[in-house]
Amino acid sequence: MTSAGEEKKAGIERLQYLVEEITKLGDSRDRMHRVLEYASKLGCLPAEAKISANRVMGCTAQVWLTVELTVDGRVRFAADSDSAVTRGLCALLVEALNGASSQEVLAVPVDMLRGLGFGMEAQSRGNTWHNVLITLQKRTSMLVAQMAGFSPVKPFPSILVTADEVTAQGDFAKAQVRYLQPDVSKVHELAELLKQKQIGVVAHFYMDPEVQGVLVAAQKLWPHIHISDSLVMADRAVTMADAGCRYIAVLGVDFMSENVRAILDRAGHQQVGVFRMSADHIGCSLAEAAESSAYLQFLNEAAVTPKSLHVIYINTSLETKAQAHALVPTITCTSSNVVQTVLQAFAQIPDLTVWYGPDSYMGANLAEMFRQMLALSDEEIAAVHPSHSRLTISALLPRLHYFLDGTCVVHDLFGKEVVDRVREGYGDAYQTAHFEVPGDMFALAMEAKQRGMGVVGSTQNILNFIEGRVKEAIGRGFDDRLQFVLGTEAGMVTAIVGGVSKLLGEISSRGTKIEVEIVFPVSSEAISATSSAHGTAGYESTLVKLPIVPGVASGEGCSLSGGCASCPYMKMNSLDSLMQVCQLLGTSNDKRLAAHQARVFTAEIAGQTVGDLGCEPILHMRHFQATGSLSDALVQHICRSNQPIKQ
């Protein structure tokens with residue numbers, strides 16, 4: 001502790017002094033001893049203050065925080081923990097900031113708290129300190145607004161899951177919850193139809209909640225139903241065909257059914273029918289961006305650059321993949337493996353240039369992630385990829401190019417307005433973000449990730465993260481409340497609620513109460529008017545045929561100025577359309593079914609069908625996933641690039 005004669009410094013300056021005082025102690029045991037000295041001086045919170053409303057999320061130990069704002073704008077707060085070390089860390093914050101002005105408290109940078117190490121548990125303890133500070137700042141900000149007469153942050157719609165029930169706040173959330181317990185008669189009708197006609201179903205996570213609710217329930221009666229992200233859908237279709245399914249119903253956008261058709265053909269299942277759920281084209285703004293003249297120009301630039309590799313997002317059409325691979329050596333990627341794909345490619349091939357597309361936000365986020373890695377030590381970078389260091393990351397950045405004009409209409413709407421509301425009202429919650437979101441949302445989730453409170457990745461990564469944090473809370477064995485901001489399409493909620501409910505149900509008899517809240521960061525001003533424009537037949541954008549972005553009657557949903565709740569393309573896969581297609585299968589209604597058949601590519605490029613050539617980038621990715629390195633065939637193709645396949 002400081003001597004009586006030492007002049008007390010205030011706010012940030014005082015906190016910096018205390019951190020430096022401890023970090024100067026060379027031995028971790030000495031640092032620990034000093035922190036425990038601070039813990040012994042910290043007063044205990046009364047029992048009535050140790051309630052869930054005062055808990056700090058994201059801490060391994062139990063941590064409680066109370067905050068008040070005096071009339072002259074000073075922050076008075078107290079903290080306590082059931083861990084002695086955590087009490088010491090809290091004591092440092094109290095010693096430095098208790099009584100400081102609200103401006104000083106809100107101005108403390110989180111990275112000021114780096115530098116303390118206590119051995120094996122240093123990371124989790126550092127995360128605790130960061131989380132306490134961020135919670136302090138959030139509650140201070142809300143008190144300042146309240147004192148100034150401003151309305152509190154309007155809460156986003158959310159779903160609260162406990163071991164006993166699922167409840168919703170806000171009409172949008174209620175619309176999601178309504179179908180978690182589907183109509184039993186519909187479930188049995190669908191399952192019997194699938195079983196009778198031997199139909200397998202593969203569906204994307206972003207399906208409408210009504211469809212997902214019925215499918216999840218029907219899985220118990222008919223095993224050949226699978227819901228996942230786009231990569232796994234084709235693989236599961238092959239498994240279903242191997243098990244005897246005669247047809248595959250694909251609930252997704254058209255490039256997904258095309259991929260299923262091509263992968264089944266390569267697996268020798270040409271006789272298995274693949275059907276889409278709409279007679280109209282089911283588009284995708286990302287896939288359509290890769291079919292533009294601007295993307296062709298992007299590829300042509302890559303084609304004349306020696307040692308180029310085109311890394312294309314899996315969410316593109318088979319035809320696009322084929323045409324790209326004919327110009328530039330191409331490998332597909334997903335949002336969960338793009339980082340490792342790019343790092344491995346740069347490590348494996350000297351002087352490589354990588355061209356990523358078509359998702360502009362993912363490309364920008366990828367580049368930003370690599371720039372942030374330059375602040376890490378070589379050891380920390382090697383933990384991400386063993387062949388890289390600050391030197392290699394710095395060298396690859398100028399040789400990483402990404403397309404600048406491709407976005408997902410869902411993720412594009414997670415803009416600054418919504419992120420500002422998340423920061424203000426949910427800054428201390430767990431943050432999840434798909435790799436396709438704009439930079440503001442990406443930065444928010446990355447900041448949270450650095451303190452163990454966030455994830456950036458694919459839909460499956462988000463689901464795994466949420467379930468993982470719930471399992472950790474269960475393992476701690478005390479009452480807890482977890483709050484997750486869902487930075488992706490709202491259709492994910494069916495899988496999330498199902499997984500969380502199952503985990504919490506397993507502990508219902510222990511007497512531990514854990515609550516999990518899923519928050520939808522959607523705009524309160526929905527646009528639900530249907531455009532008067534009409535699309536034409538063929539493969540032009542179908543967005544003009546739909547509501548700009550569907551919202552619910554109360555006005556919660558999506559807007560061009562805020563977050564988004566649902567994908568308009570995916571919602572073309574209705575339960576009625578699934579039932580109708582399944583009823584037609586095996587009948588003589590060939591004309592009606594013809595419009596639902598997955599597209600088959602018979603045109604050729606350099607003696608290969610578009611289907612076969614379009615599968616090659618996918619197979620290159622499969623090789624990478626299996627081995628951790630690029631295939632010899634792809635490396636050889638890259639090393640002789642700007643010699644594209646002759647057309």
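**View 1. The largest nonpolar core of the predicted model.** Among the 154 residues of this core, the members touching the most others are L215, I248, L251, F370 and L630. A nonpolar core is a set of buried Ala, Val, Leu, Ile, Met, Phe, Trp, Tyr and Cys residues joined through side-chain atoms within 4.5 Å, buried meaning under 20% relative accessible area (1.4 Å probe, protein chains only). A separate second core comprises 32 residues, including V35, Y38, V75 and F77. The model is predicted: local features need pLDDT of at least 70, side-chain atom pairs count only at pLDDT 80 or more, and totals for chains, interfaces and linings use all residues. Residues are numbered from 1 along each chain as its sequence is written, and side-chain values use heavy atoms, without hydrogens and water.

**View 2. Surroundings of L630.** Beyond neighbours within four places in sequence, L630 is in contact (heavy atoms within 4.5 Å) with residues including L309, I331, Q344, F624 and I638.

**View 3. An open four-stranded sheet.** The strand order is β10-β9-β11-β12, with parallel pairing; strands are DSSP E runs of at least two residues, and helices H or I runs of at least four, numbered from the N terminus. Pairing requires at least two DSSP bridges. Because β10 (330–333) and β12 (400–402) each have a single partner strand, one side of each lacks a neighbour in the sheet. β11 (residues 353–357) pairs with β12 over three bridges, and Y356 stands opposite Y402 in β12.

Definitions and conventions:
Buried < 20%, exposed > 50% of the residue type's maximum accessible area, 1.4 Å probe, protein only.
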